[in-house]
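Here are my notes from a first pass through this one.

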Amino acid sequence: MTALTAPQLLERVLDGNRRWAEGSSERDLLGAPSDPLEHQPPVAVIGCSDARVPPAAVLGAAAGAIFTLRLPGHYVDIPVAAGLGFAMTTLGTRLAIVLAHEDCRAVDAAYTEYTTGAPPNLALAPLTGSLAAGLYRAGGAADVQEAIDVNARITAQNLITQCASLRQSIIDGNAQLAVMRYSPATRRVTVLEESVVPHAGAV
Ligand SMILES: [Zn+2]
């Protein structure tokens with residue numbers, strides 16, 4: 001069987017999300033091995049820790065299909081980038097997805113910190129301070145809804161910057177990085193970016 005390409009994988013996870021939104025329990029292996037001892041996930045998701053947004057479930061994917069990296073606000077740091085690099089170079093992952101979501105409490109706190117200068121949640125402050133700094137560097141956002149999308153695109157750019165194997169695989173045409181926003185209210189994803197490409201000179 002020929003492995004699914006990144007664009008084919010993107011179509012399949014969008015189909016999977018439609019099934020999830022409709023309440024179907026059908027799950028797609030996305031071409032991953034059906035042997036439960038094999039670990040070759042074709043898709044990686046960099047998502048938020050939010051309990052309402054379990055990546056494999058909302059994308060209708062079976063166990064074994066999606067490699068998952070999750071921190072509040074899908075914050076990217078060196079270990080997250082290393083985990084994605086491992087998936088890209090060792091496990092055969094070809095599609096990476098930043099999975100943002102509406103009503104994100106981490107982005108909400110970061111946006112408050114960006115606008116007021118004070119972190120609203122001291123427990124989350126070390127993380128939201130970094131997200132707030134990202135909003136500042138990106139030129140800010142008009143409201144918290146816009147901040148969610150701005151933060152999602154920042155995550156994608158941070159992955160490209162910090163994960164050399166992702167960057168090189170995209171340049172070589174072997175991988176794709178997509179950005180999506182999930183709505184807990186509708187259970188549907190919206191594609192913000194089908195394919196994020198490194199800026200010229202990023203290598
Ligand atoms: Zn969140």
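Which strands does α6 lie across, and at about what angle does α6 run to β4?

1. To take that question up: α6 lies across β1, β3, β4 and β5. Its direction is about 160° to that of β4. Keep in mind that this is a predicted model.

2. Now the sheet itself. It is an open one, built from five strands with mixed pairing, and the order reads β2-β1-β3-β4-β5. The edges belong to β2 (66-70) and β5 (189-193); each has a single partner strand, so one side of each lacks a neighbour in the sheet. On average, neighbouring strands are turned by 25° against each other, direction ignored.

3. How covered is β3 (residues 95-101)? Mostly: seven of its seven residues are buried. In a regular strand, side chains alternate between the two faces of the sheet. Here L95, I97, L99 and H101 point one way, whereas A96, V98 and A100 point the other way, and all of them are buried. Note that the histidine is part of that buried set.

4. Why call A178 buried? Because 25 other C-beta atoms lie within 10 Å of A178, and the cut-off for buried is 20 or more. Leaving out residues up to four places away in sequence, A178 touches L10, L95, I97, V191, E193, E194 and S195. Of these, L95 and I97 belong to the group in β3 that points one way. Take E193 as well: A178 and E193 are 15 residues apart in sequence, yet their C-alpha atoms are 5.4 Å apart in space.

5. On to the helices, starting with α5 against α6. Two packed helices are described by the angle between their axes and the distance between the axes. For α5 (residues 125-137) and α6 (residues 144-162), the angle is about 95° and the axes are 10 Å apart. That makes α5 roughly perpendicular to α6. On the α5 side the contact is made by L131, G134 and L135, which meet A147, V150, N151 and I154 in α6. By type, the contact residues divide into five nonpolar, two polar and no charged.

6. Last, α4 (residues 105-116). This helix has twelve residues and reaches 16 Å from first C-alpha to last, close to the 16 Å expected at 1.5 Å a residue. Its buried residues are A106, V107, A109, A110, Y111, E113 and Y114. They pack against α5 and α6. An α-helix has 3.6 residues a turn, so residues three or four places apart point the same way. Check E113 when you go through the buried set, as a glutamate is listed there.

Technical notes: Residues are numbered from 1 along each chain as its sequence is written. This is a predicted model: local features need pLDDT of at least 70, side-chain atom pairs count only at pLDDT 80 or more; totals for chains, interfaces and linings use all residues. Axes are lines fitted to C-alpha atoms, for helices over the stretch in contact, and angles run from 0 to 180 degrees between N-to-C directions. Helices (H or I, at least four residues) and strands (E, at least two) are DSSP runs, numbered from the N terminus. Angles under 35 degrees count as roughly parallel, over 145 as roughly antiparallel, 65 to 115 as roughly perpendicular and the rest as oblique. Two residues are in contact if their C-beta atoms, placed from the backbone, lie within 7 Å. Ala, Val, Leu, Ile, Met, Phe, Trp, Tyr, Cys and Pro count as nonpolar, Asp, Glu, Lys and Arg as charged, and the others, Gly among them, as polar. The expected span of a helix is 1.5 Å times one less than its number of residues. A residue is buried if 20 or more other C-beta atoms lie within 10 Å of its own, exposed if 12 or fewer, and partly exposed in between; C-beta atoms are placed from the backbone. Two strands pair if DSSP finds at least two bridges between them.
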